[in-house]
Amino acid sequence: MILGNVLNIETFVDLGLDPGSANTLMCIKDQGIVVNEPTIVAVESESGQLLAFGHEALNMHQKMHPGIQTIMPVTNGIIGDYENTQKLFRELLHNVKPRILFGIHRLVVSIPLSITEVGKRAFFDMAEHLGAKEAWLVLEPIAAAIGAGLNPFEPVANLIVNLGAGTTQIAVISLGGIVSGESLSVSGNQINNAIIENLREQNNLAISEYAAEHIKRNIAATDRADRESRLTVKGFNLLTGFPDTQEISTAVLREIITTPLQEIVTAIKKCIEVLADKPDVAVDILERGIYLTGGGALLSGIDKKIQSETGLAVTICEEPQTTVGKGLCTILENFEHYRPVLLDNNKKHKQ
Ligand SMILES: Nc1ncnc2c1ncn2[C@@H]1O[C@H](COP(=O)(O)OP(=O)(O)OP(=O)(O)O)[C@@H](O)[C@H]1O
């Protein structure tokens with residue numbers, strides 16, 4: 001409830017949290033996405049004191065001196081560093097506008113398919129530390145399906161592929177559950193790593209994560225989506241021991257990212273192949289195709305690549321990096337309707 005437009009303060013809110021390996025999104029019921037920041041903090045190495053978070057910390061990444069450390073506390077969609085995740089979420093919440101006066105009533109967090117019971121417990125503990133009265137979890141592909149405007153309860157199967165930074169989540173969803181699913185630890189980060197490793201080995205050029213990200217955003221997954229050209233790549237020449245600039249053809253760079261992309265395509269195919277004993281589900285997928293969500297769906301030509309390898313139509317969802325966040329908003333706004341797809345911590349919720 002808004003306390004006052006003049007004060008611009010909320011009392012208790014229902015909050016959605018999409019804690020990605022690269023980006024954290026938060027949404028508030030009836031207000032949409034209110035936070036979209038990189039999942040990173042910068043801390044003082046000795047004391048661990050927080051110096052910066054989100055975009056500001058990302059700008060410091062890989063440019064620090066030994067006195068400063070940057071940490072990406074969420075790994076593959078699960079909490080890797082509890083203390084720094086908590087610091088980050090607290091700061092992000094503190095910056096939410098309109099200000100939250102008393103705290104969180106209901107918190108819904110998206111989690112990857114591969115999460116363990118310990119991983120779920122970490123999110124429930126985090127919710128308690130953040131002062132949430134109720135905590136709920138939802139599998140990321142289900143939140144993505146809802147965000148894409150699909151009805152997860154329908155007796156019709158939908159194939160969702162969420163291409164994040166740390167994981168690729170592939171799921172066939174029908175009747176509110178996962179018919180066939182796979183959580184692959186090959187996604188945007190692994191494509192960047194392939195670029196970094198190949199240029200180091202083949203060109204003796206050491207480049208930053210930032211440079212690899214820039215390259216990836218300027219090449220395509222298939223030659224049919226790419227206009228052949230050359231990219232200027234700056235880095236450190238390991239032979240001369242000096243900074244260096246090299247012109248590298250997009251065809252060569254595209255070849256470098258083929259291996260991780262092929263692993264993603266193979267995993268999608270496997271998820272479809274296990275449907276041999278469920279022909280009706282397979283027919284639904286044939287008719288409806290594949291829905292791509294997550295920031296990785298923005299890789300130029302990835303739809304064409306998956307389409308040519310699977311023979312299925314591929315739809316890239318609008319603003320795919322926010323599809324899960326949009327799904328969380330929809331869940332908060334229709335909580336009782338979506339409750340069957342949510343997991344709680346089996347504790348009695350505080351009144
Ligand atoms: N234009 C683009 N071309 C290619 N890749 C892109 C583009 N824009 C963003 N990405 C990639 O999208 C990924 C981030 O997507 P997203 O924010 O959905 O991931 P995340 O939710 O943080 O990760 P995860 O779900 O794995 O925990 C990064 O790997 C980034 O490189």
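Okay, let's start with a term: two strands pair if DSSP finds at least two bridges between them. Strands here are DSSP runs of E with at least two residues, helices are runs of H or I with at least four, and both are numbered from the N terminus.

Now, what you're looking at is a predicted model, where local features need pLDDT of at least 70, side-chain atom pairs count only at pLDDT 80 or more, and totals for chains, interfaces and linings use all residues. Residues are numbered from 1 along each chain as its sequence is written.

Three strands make an open, antiparallel sheet, in the order 6-5-7. Strand 6 (50–53) and strand 7 (68–71) are the edges, each pairing on one side only. From one strand to the next, the twist averages 20°. Strand 5, residues 41–44, pairs with strand 7 over four bridges, in the antiparallel sense. If you want one to click on, Val 43 has Gln 69 of strand 7 as its bridge partner. Helix 2, residues 82–94, packs on this sheet and touches strand 5, strand 6 and strand 7. Contact means C-beta atoms, placed from the backbone, within 7 Å. The direction of helix 2 makes about 115° with that of strand 5; axes are lines fitted to C-alpha atoms, for helices over the stretch in contact, and angles run from 0 to 180 degrees between N-to-C directions.

Next, a helix pair. How do the axes of helix 4 and helix 11 cross? Helix 4 (140–147) and helix 11 (323–333) have axes that come within 7 Å and cross at roughly 80°. That makes helix 4 roughly perpendicular to helix 11, a label that covers 65 to 115 degrees; under 35 is roughly parallel, over 145 roughly antiparallel, and the rest oblique. Among the residues making the contact are Ala 143 and Ala 144 of helix 4, with Gly 325 and Gly 327 of helix 11. By class, that contact has six nonpolar, five polar and two charged residues. Nonpolar means Ala, Val, Leu, Ile, Met, Phe, Trp, Tyr, Cys and Pro; charged means Asp, Glu, Lys and Arg; the others, Gly among them, are polar.

Last, the ligand. There are 21 residues around it, the closest being Gly 20, Ala 22, Gly 164, Gly 188 and Gly 295. A residue is near a molecule if its C-beta atom, placed from the backbone, lies within 6 Å of it.

Technical notes. Two residues are in contact if their C-beta atoms, placed from the backbone, lie within 7 Å.
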